[in-house]
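Colleague: Could we go through this structure together? I have a few questions about it.

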Amino acid sequence: MGSIFDDALRRLDVAAEHADIDAEALERLRHPKAMLQVSIPVRMDDGSLQVFEGYRVRHDDTRGPAKGGIRYHPNVDLDEIKALAFWMTCKCAVVGIPFGGAKGGVVVDPKKMSRLELERLSRGFIQAIADFIGPDTDIPAPDVYTNARIMGWMMEEYSKITRRHTPAVITGKPIPLGGSLGRDTATGRGAYHCVQELEKRRGWKPTNMRVAVQGFGNGGQVVAQHLHAAGYKVVAVSDSKGGIYKAEGFDIPSLIHVKNETRNLEAVYCDGSLCEAVKADQLTNEELLELDVDILIPAALENQITAENAKRVRASVIIEVANGPTTSEAEPILEEHGSLVVPDILANAGGVTVSYFEWVQNRQGLYWTLEEVQQRLKEVMQREFNAVYNLMEEKQIGMRSAAYVHALNRIGAALEARGTQRYFQDNT
Ligand code: NAD
């Protein structure tokens, strides 16, 4: 596997041909603004000391302070964090929120740690990066295998270091510590708004639509739940241990109940707290991607749809809840099939949008109702989805390229406003 960052930049080249952006501005986006690598010594429960590697990358802050999650995963490396930070720059521009892009990660398998070890690691990471982040410079949030409780520890640690209560330094916090209502479900909800807009444009009848969801975590569960409630048939779901398939569709609230109680994905139907096993076929994550469904939702990790398997993907619409699930080589193969890819930088932007709302509320010290948050999220997603879709039709390009063009136009305008070579050389 080559560099994910280089692969991510390839999308820039394709979109740049259609965007209103200066060559200098593009060159700047090829280089992350700042990168920090840290070692985090952690005292383990058995008294031993383990040292973990961590990273924080600030890709660009032309449009505002950099924003991006923190990932805990054994496969985290600097190249992946650079790619994720680049996608954040583009994502914030796609939805028009005044942030640049950043990302962080720690090389760790959190499933092998006790809760106390995880707390020491999280506080240790903040001690190591405290000078690099801040509510006006770089604002972290949760990502894969990090959650609201971890964000709460991190906010508290940062506030201790700076001796100021600073909720706006991090988003995705628990509600009692300044979190926003609706943040926990925002990514899945935003993706669902994209499906709703497509439904209107394409005249879909939800009960005729079969859906497969890869990754049944925060993003995957919420989008599956909304689709199920709207009448879509969610016929397959999976997690890191594998997947289940049922042609008539699953009762998603039952699956979520059991997954969250037992941490296992089991085919069940629950009536209240009584859950009964339901007949379903087992399938692998690879098989899930190739199922005969209408909508495929990758909601796990990067590089799932590749040049190798893209020709076997049968879904006509792919909604990228995960970041980077489709490689740049797979993209033309999907386009040749006529599959529409609603790209990650749009489809999963609901999370960062409500993170922005959380930051605004923290700075105002004034908190919004759930209805206000959800209404504002819906407005953003509907407006930006349709802007990207219209650009796709107008320029006759793929939807991913259209999303990048939309983002580059906004980033380009901000760079232009500061002055480019053209401006400084033109003395008239
Ligand atoms: P999560 O940790 O809540 O869930 C991840 C899920 O993926 C888990 O169910 C896990 O078992 C499953 N998984 C892991 N490896 C897998 C594999 N090889 N095959 C199938 N399933 C696998 O994480 P999340 O927050 O839902 O994030 C999922 C994706 O969505 C990531 O790419 C993340 O960057 C992206 N995303 C999340 C948010 C957010 O707000 N949570 C926002 C934007 C993007």
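Colleague: How many salt bridges does the rule find across the interface of domain 1 and domain 2?

Modeller: The rule finds one salt bridge across that interface. Please keep in mind that this is a predicted model.

Colleague: How many residues of domain 1 are in contact with domain 2?

Modeller: On the side of domain 1 there are 13 residues, in contact with nine residues of domain 2. The area buried between the two domains is about 850 Å², and carbon and sulfur atoms give 58% of that area.

Colleague: Which residues in domain 1 lose the most area to domain 2?

Modeller: They are W87, K91 and V94, which together make up 49% of what the domain 1 side buries.

Colleague: And how many residue pairs are in polar contact between domain 1 and domain 2?

Modeller: The count is two residue pairs, both at pLDDT 80 or more. As for the elements involved, strand 3 (66–73) and helix 3 each supply at least two residues of the domain 1 side that touches domain 2. The largest share of that side, six residues, comes from helix 3.

Colleague: Let us change topic. How many residues are in the largest nonpolar core?

Modeller: That core has 96 residues, and I295, I297, I319 and V342 have the most contacts inside it. Helix 3 (residues 78–94) gives the largest share, 11 residues. Domain 1 and domain 2 each contribute at least three residues to this core.

Colleague: What does I319 touch, leaving out residues up to four places away in sequence?

Modeller: I319 touches A191, V195, L198, I295, L296, I297, P298, V342 and A347.

Colleague: Is K33 buried or exposed?

Modeller: K33 is exposed, with a relative accessible area of 53%, whereas D61 is partly exposed at 21%.

Colleague: What about K103 and D143, which elements do they lie in?

Modeller: Their side chains meet in a salt bridge with an N to O distance of 3.3 Å. K103 lies in strand 4 (residues 100–107) and D143 in the loop between strand 5 (138–142) and helix 5 (148–162), so the pair ties together parts that are 40 residues apart in sequence. Both K103 and D143 are buried.

Colleague: And which residue does E308 form a salt bridge with?

Modeller: E308 pairs with R312, and their closest N and O atoms are 3.2 Å apart. E308 is partly exposed, with a relative accessible area of 48%, and R312 also counts as partly exposed, at 33%.

Note on methods. Residues numbered from 1 in each chain as written. Predicted model: local features only at pLDDT ≥ 70, side-chain atom pairs only at ≥ 80, totals over all residues. Heavy atoms only, no water. Core = buried A, V, L, I, M, F, W, Y, C linked by side-chain atoms within 4.5 Å. Buried < 20%, exposed > 50% of the residue type's maximum accessible area, 1.4 Å probe, protein only. Helix = DSSP H or I, 4+ residues; strand = E, 2+ residues; numbered from the N terminus. Domains from an automatic or database assignment. Contact = heavy atoms within 4.5 Å. Buried area = accessible area lost by both parts, 1.4 Å probe. Salt bridge = Lys/Arg side-chain N within 4 Å of Asp/Glu carboxyl O. Polar contact = N/O pair within 3.5 Å; in protein donor to acceptor, adjacent residues only side chain to side chain.
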